[in-house]
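Here are some notes for a colleague who is opening this structure for the first time. Please read them with the model on screen.

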Amino acid sequence: MNGSQILRLLSPELILLITGFVVIGVDLARHREDEGRTAATVAVVGLILASLAAIALYMTSPNAIVFYTLAIDLYGLFFKVASFLGVALVIIASVNFMAGRSKYLGEFYALLVFAALAISVLVSATNLVLVYVGVEFLSITSYILAGFLRGDERSEEAAIKYFLYGASSGAVLLFGMSLLFGLTGSTDLAAVGQALKAGGDMHWLGVVALALVLGGLGYKASLVPFHQWAPDTYDGAPTPISAFLSTASKAAGFAVVGRVFLVAFPDFQPEWSQILAAVAVLTMFVGNLTALKQQSVKRMLAYSSIGQAGYILLGLAAYSMDPTFGGINGLMIYLFGYIFTNVGAFLLLLPIEKKHGSTDMAHFDGLATRAPGVALLMALFLISLAGIPPTAGFIGKFFVFAAVINQKMVWLGALAAVNTVIAAFYYLNVIRRMYFAESSAEGGVSLSRGLLTVLVVNAVMVLAIGIFAQFFMTWVNTSVAWVTASGF
Amino acid sequence: MTVPLSWYLIFATALFSIGFFAVLARRNAIAVLMGVELMLNAVNINLVAFWRYLTPTDLSGQIFVVFVFAVAAAEAAVGLALMISIYRTRKTINVDEINELKL
């Protein structure tokens, strides 16, 4: 592989790296005049260019490993495109929110770009060292972003809780990796998988390492019992950052869990399938039951996002070689739709927060008469989260549940169905209050132009994935081809 | 007389457990961070011991340790900055008192 080929394969990452520094430079020159608008524009343009570069690479179906550590394949590129778009939407929506709240806007947008770069490295990593470095790169940028509103007690608390959980989970992840290294003498995921297959009498130690690695990576995807940071951090962090953490960052967590388990632990599928099924059930119940009793919509969405992680994990728990209902394709289409749905739902809290100062359920009463557009969009995102057709959420749930049934895990499917009903109750409750409750406040809510654009894009994507599911599924099924090809 | 590999592993596991206990039991955020550092050092001992005994010709174990050092330093820097920022607004870094967000 020569230099120009490597440059081509790494073009999305290089574009993001340069964009990050340009954003800081632009901000040095201009931040007093325009409250970070130029910096945000540069960041969004960079992210869109990086997505285009990733799509262009996707068209050439690469299957290369760069520097022995980064796999540039369709699976990784799929997650790159999805999370770059998610981060770009978050940045556009942040512009009005952040202006006036912080003096360091250039750094804010640069950190979001670097977070996208971290995701990009993470979803491609095929080496334990790089998986660890990617997780920590994403975590450290996220800690700063969560605590970005310095002097705001809630934002600081969100950051310190995220930091303490993240740092300890990182250490647990590393301990698992050190055991894997000791078992196999290699840090390359594929070599680890080969060595574990050869096995020997140390199988039980492999299971211990697997559990530690799941604990370390599971916190990024907010899986129970590694989720305690998530509700507080999503609640206290600046709302656009909650949207980022609960979508793009979580998708990266699932992408890396998927790659590590499928490449390094293929031989342990009987064990991890059971472990993941149990974790998924716990995650769904804890997330959904706690969401039921929340009085703040932001906190309800925080718990709902834990519940959603449970459904997504079902896809991996029910992994099989089946070309239509293999599970991993369900996980991917679910995450793709979920990014747009949840970014939309969290960002719709911005105008409510601005008008009322909090996101209490009561502020949603009668919203449909005061602000019909906002209520309609919120209803659409909530319907998608509940998994009702014709939205993206339905398609995701369909493929994940079908994989579960296909694997004959009937009890798992039944528990997931129970959870869908519990979740529908609290999602539809907000819709009920918006459309049928007496309004407690006067006057509509105003949307800035940037936020409106983002919400419309999200809504269009949610409906498009729901209606043209065939097109998106073809794309997803092509992206999982590497798993089948690797001779699992 | 050479020290067998298992001694290193037992020592590292004990150190990891002590660090994990500190994370769970200490209320001061800086002490929690010290616990995390103990856990990371246990990992480093594991990695170096495995490298020395199992793959002395392959450097990947050592390189992993260098990365762990570097990342741990970056993480501690961000963590301590967060704690200073919290101390400025609340005059405490006791994790039990940082509890505005809850059910």
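**Notes on the model**

1. A:Ser61 sits in the loop between helix H3 (37-59) and strand E1 (64-66) of chain A; helices (H or I, at least four residues) and strands (E, at least two) are DSSP runs, numbered from the N terminus. The phi of A:Ser61 is near 40°, a positive value in a residue other than glycine. A:Ser61 is exposed, with 12 other C-beta atoms within 10 Å. A residue is buried if 20 or more other C-beta atoms lie within 10 Å of its own, exposed if 12 or fewer, and partly exposed in between, with C-beta atoms placed from the backbone.

2. This is a predicted model, in which local features need pLDDT of at least 70, side-chain atom pairs count only at pLDDT 80 or more, and totals for chains, interfaces and linings use all residues. Residues are numbered from 1 along each chain as its sequence is written, while chains are lettered from A and ligands numbered from 1 in the order in which they are written.

3. A:Phe67 also deserves a look. This residue lies in the loop between E1 and strand E2 (70-72) of chain A and has a positive phi of about 55°, although it is not a glycine. A:Phe67 counts as exposed, with 10 C-beta neighbours inside 10 Å.

4. One runs from A:Val224 to A:Pro225, with omega near 5°, and A:Pro225 is in the loop between H9 and helix H10 (229-236) of chain A. Another joins A:Pro389 and A:Pro390, with omega about 5°; A:Pro390 is in the loop between helix H18 (372-386) and helix H19 (392-406) of chain A.

5. How do the axes of helix H4 (residues 74-98) and helix H15 (residues 328-347) of chain A cross, and within what distance do they come? They come within 10 Å and cross at roughly 5°; axes are lines fitted to C-alpha atoms, for helices over the stretch in contact, and angles run from 0 to 180 degrees between N-to-C directions. H4(A) is therefore roughly parallel to H15(A), a label for angles under 35 degrees. Residues A:Phe78, A:Ala82, A:Gly86, A:Leu89, A:Val90 and A:Ala93 of H4(A) meet A:Met332, A:Leu335, A:Phe336, A:Ile339, A:Val343 and A:Leu347 of H15(A). Contact here requires C-beta atoms, placed from the backbone, within 7 Å. By class, this contact has eleven nonpolar residues, one polar and no charged; Ala, Val, Leu, Ile, Met, Phe, Trp, Tyr, Cys and Pro count as nonpolar, Asp, Glu, Lys and Arg as charged, and the others, Gly among them, as polar.

6. In helix H8 (residues 189-198) of chain A, the buried residues are A:Leu189, A:Val192, A:Gly193 and A:Leu196. They lie on the same side of H8(A), because they cover an arc of only 100° around the axis, taken from the directions from the helix axis to the C-beta atoms. Their cover includes helix H6 (128-146), helix H7 (153-184), helix H9 (203-218) and helix H12 (248-264) of chain A. Just after H8(A), A:Gly199 has a positive phi of about 65°.

7. Between the chains, 36 residues of chain B are in contact with 33 residues of chain A. On the chain B side, the elements giving two or more residues are helix H1 (5-25), helix H2 (29-54) and helix H3 (60-90) of chain B. H3(B) gives the most, with 17 residues. That side of chain B has 26 nonpolar, seven polar and three charged residues.

How values were computed: Contact = placed C-beta atoms within 7 Å. Parallel < 35°, antiparallel > 145°, perpendicular 65-115°, else oblique.
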